[in-house]
Amino acid sequence: MAQGSDTFSELSQYTLDRHSMRLLPEPFCRRHSVVVLGKVDAQAADAPVPIGMVDPDNQALRFRISDFLQRPIQPVKLNRYEIESALRTGFGAGAHTKSDLVIHQRPPSRQPPTPVELVDDLLAGAFERKASDIHIESYRDDVDLRYRIDGILHQAYTDMDPESVKEVVSRIKILAGMDITEHRRPQDGRIRAVIARSEEHKVVDYRVSVVPSPGGEDVVIRVLDSSAGLVPVSKLGMNPDTERLFLNLLSNPEGLILVTGPTGSGKTTTLYGALAQLNDGRKKIITAEDPIEYYVPKVNQKEVSPQMSHAMLLRALLRQDPNVMLVGEIRDLETGSMALNAAATGHVVLGTLHTADAVGAVGRLRGLELDDADIADSLLAVLAQRLVRRICPQCEAPAEPTRKQLDLLGPLLEGIQPRTGMGCEECRHTGYRGRTGIYELLVVDSGMQDLIAQGGHSAQLRRHARAHGFRTLVEDALEKIASGQTTLAELVRVIPYRQIMAAREDRQQGQKA
């Protein structure tokens, strides 16, 4: 007998177990908008099975489900969107997912691939390689296909040639909603694909940029795997002290927290992790994004459009009674002024800047002609970051610094035994698998506030920060090298020369003292 309850519930209150969800046939679940919730214990035959339903009062449907499972059920009222979301977890994208194409595994063939097959192969290939970007580069007598994996571009074999690449680009333009007759202006678009591999169905979004070149048109496609989920702050790679301090700052009732670094340094991942940390159901969280890269459950995400500029959107969002705002990139005086004003009037504001280090964020805000006093009042902290590749655990081994690394890093290497990856099948002979972050977190304390308000220059701000325990990107990277997480080569690759020299001078002065 089914046990009833028509109280409204949230999907997030339940775990989703794919094996349990498949106890009911997919067509039945989709037709009647029902889903098995939680993990079903086969031994506990009398325990009611929670069933998400749009209409928990439908007695006939409840009896059918109970009869099918041979178990009592506990109806749980969910809305249709939540049930569709749960079914995607249990059965993949399904027939109801809106997508531009479905990519099936193609059997080997001796025939040259068609443009349609070439596009399918490069989109699926990026997903399978865990690439973040696809680059198609057209030259007068050649075509290059490259995938960016863990921040590094890797050349890939392609059947495209200078003739067929034109049809490939046209196919991509059609899928991304671009004008295929326009070859002289840059265009942007988006593709949603369902990648079908045996029983697995993954929904992947691709952000497409097409730019004219002397050899035709170049295409760069950013891969946005929404199924990868949010990375919690605890998994970003911060050391315990930095993580603890960052989480304390997020719990502040107001203030501007900036995440800085170059393109591809993981700023968006960090911000979404911060939003997930803040999203406890008691706060109104609103974002202004250009564009939305990943959808975050229960966060009010808004996208900049030709009809609604970034500044216009931010003004509107301030009237939506938010507790937390993500303002995207602060790139001009207007958005900067609104971010500082919101942070000073009882809002937690998260944003990004393109700066080389944390202290440089103050100079960048000044460069937007923002007032020193406003910056000092509103700026709470700046997190600067880079992404470094992790050493492959299957082939790691001790390593010796090269002569070039010794000359560059000098005293910074004292007491450190570097390691490296030798290359194996697991890491595609690169020596690396995955990435982690390196961070420096600048907290604007009362002394720093005074320096900023008085117009103190970067060197003064840096001296104050160092005197109060500020750890630099170089120090964090050296700690990860010492613990065998990454290599000296990665430190040199991602951290600017000037910062390495500054860290070296600090170390030498410390030794003299």
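**Salt bridges in a predicted model**

Lys 283 and Asp 280 form a salt bridge, with their closest N and O atoms 3.0 Å apart. A salt bridge here is a side-chain nitrogen of Lys or Arg within 4 Å of a carboxyl oxygen of Asp or Glu. The structure is a predicted model, in which local features need pLDDT of at least 70, side-chain atom pairs count only at pLDDT 80 or more, and totals for chains, interfaces and linings use all residues. Residues are numbered from 1 along each chain as its sequence is written, and side-chain values use heavy atoms, leaving out hydrogens and water.

Start with the surroundings of that pair. Lys 283 is partly exposed, at 34% relative accessibility. Asp 280 is partly exposed too, at 37%. Partly exposed lies between buried (under 20% relative accessible area) and exposed (over 50%), using a 1.4 Å probe and protein chains only.

Now move to Glu 490 and Arg 389. Their salt bridge brings N and O atoms to 3.1 Å. Glu 490 sits in helix α17 (residues 488-494) and Arg 389 in strand β16 (residues 379-391), 101 residues apart. Helices (H or I, at least four residues) and strands (E, at least two) are DSSP runs, numbered from the N terminus. Both Glu 490 and Arg 389 are buried.

Next come Arg 419 and Glu 396. Their side chains meet in a salt bridge of 3.1 Å, N to O. This pair links strand β18 (residues 419-421), which holds Arg 419, to strand β17 (residues 396-398), which holds Glu 396. Arg 419 is partly exposed at 26%, and Glu 396 at 35%.

Finally, look for a network. Salt bridges link Arg 471, Asp 476, Glu 479 and Lys 480. The count comes to 25 salt bridges.
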